[in-house]
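This report goes through a single protein chain, from its overall form to individual side chains. The sequence and the coordinates come next.

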Amino acid sequence: MAPYRVTDADVAAWRAGHPDDADLVGLGAYGAITAVEGIEASIRRDLPAPSGA
């Protein structure tokens with residue numbers, strides 16, 4: 001989900017079921033890890049296969 005697409009209504013809906021700030025931090029951390037995994041996969045795809053034993 002692109003950050004610019006998150007509306008005030010989205011935040012209010014999230015807060016209704018997850019009122020604690022720790023839940024919001026966890027959601028942000030999940031998004032960060034997911035982004036890193038996507039970048040890693042992209043880099044691995046573009047690298048040549050290792051040579052040698």
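How far apart are the mean positions of the positive and negative charges of the protein? The separation is 9 Å, taken between the mean position of 4 positive charges and that of 8 negative charges. The model is a predicted one.

## Overall form

The protein contains two helices and zero strands. Its radius of gyration is 17 Å, whereas the globule rule gives 10 Å for 53 residues; the value is well over that figure, so the protein is more spread out than a compact globule. Along the principal axes, the C-alpha atoms fill a box of roughly 55 × 20 × 10 Å.

Ala 9 and Gly 38 are 29 residues apart along the chain, and 28 Å lies between their C-alpha atoms. For Arg 5 and His 18, which are 13 residues apart in sequence, the C-alpha to C-alpha distance is 20 Å.

## Surface and burial

Of the 53 residues in the protein, 0% are buried. A residue would need under 20% relative accessible area to count as buried.

A nonpolar patch on the surface is made up of Leu 24, Leu 27 and Tyr 30, which together have about 310 Å² of accessible area. Tyr 30 belongs to helix α2, which covers residues 21–46. The relative accessible area of Tyr 30 is 60%, and Tyr 30 is therefore classed as exposed, the cut-off being over 50%.

Helix α1 spans residues 8–17 and includes Ala 9. Why does Ala 9 count as exposed? Its relative accessibility is 55%, and exposed means over 50%.

The loop between α1 and α2 contains His 18. With a relative accessibility of 30%, His 18 is counted as partly exposed, because this value falls between the 20% and 50% limits.

## Salt bridges

How many salt bridges are there in the model? The count is two. One of them joins Asp 21 to Arg 15, with 3.0 Å between the closest N and O atoms. Asp 21 has a relative accessible area of 48% and is partly exposed. Arg 15 is also partly exposed, at 28%.

Glu 40 and Arg 44 form a salt bridge as well, and here the closest N and O atoms are 3.1 Å apart. Both residues lie in helix α2, where a spacing of four residues puts them about one turn of the helix apart. Are Glu 40 and Arg 44 exposed or partly exposed? Glu 40 is partly exposed, with a relative accessible area of 38%, whereas Arg 44 is exposed, with 59%.

Notes. Residues numbered from 1 in each chain as written. Predicted model: local features only at pLDDT ≥ 70, side-chain atom pairs only at ≥ 80, totals over all residues. Heavy atoms only, no water. Buried < 20%, exposed > 50% of the residue type's maximum accessible area, 1.4 Å probe, protein only. Patch = residues over 30% accessible without salt bridge, like charges linked within 9 Å, V, L, I, M, F, W, Y side chains within 5 Å. Areas by Shrake-Rupley, 256 points an atom, 1.4 Å probe, with all protein chains shown as cover. Salt bridge = Lys/Arg side-chain N within 4 Å of Asp/Glu carboxyl O. Rg over C-alpha atoms; globule rule 2.2 N^0.38 Å. Lys, Arg positive; Asp, Glu negative; His and termini not counted. Charge placed at Lys NZ, Arg CZ, Asp CG, Glu CD.
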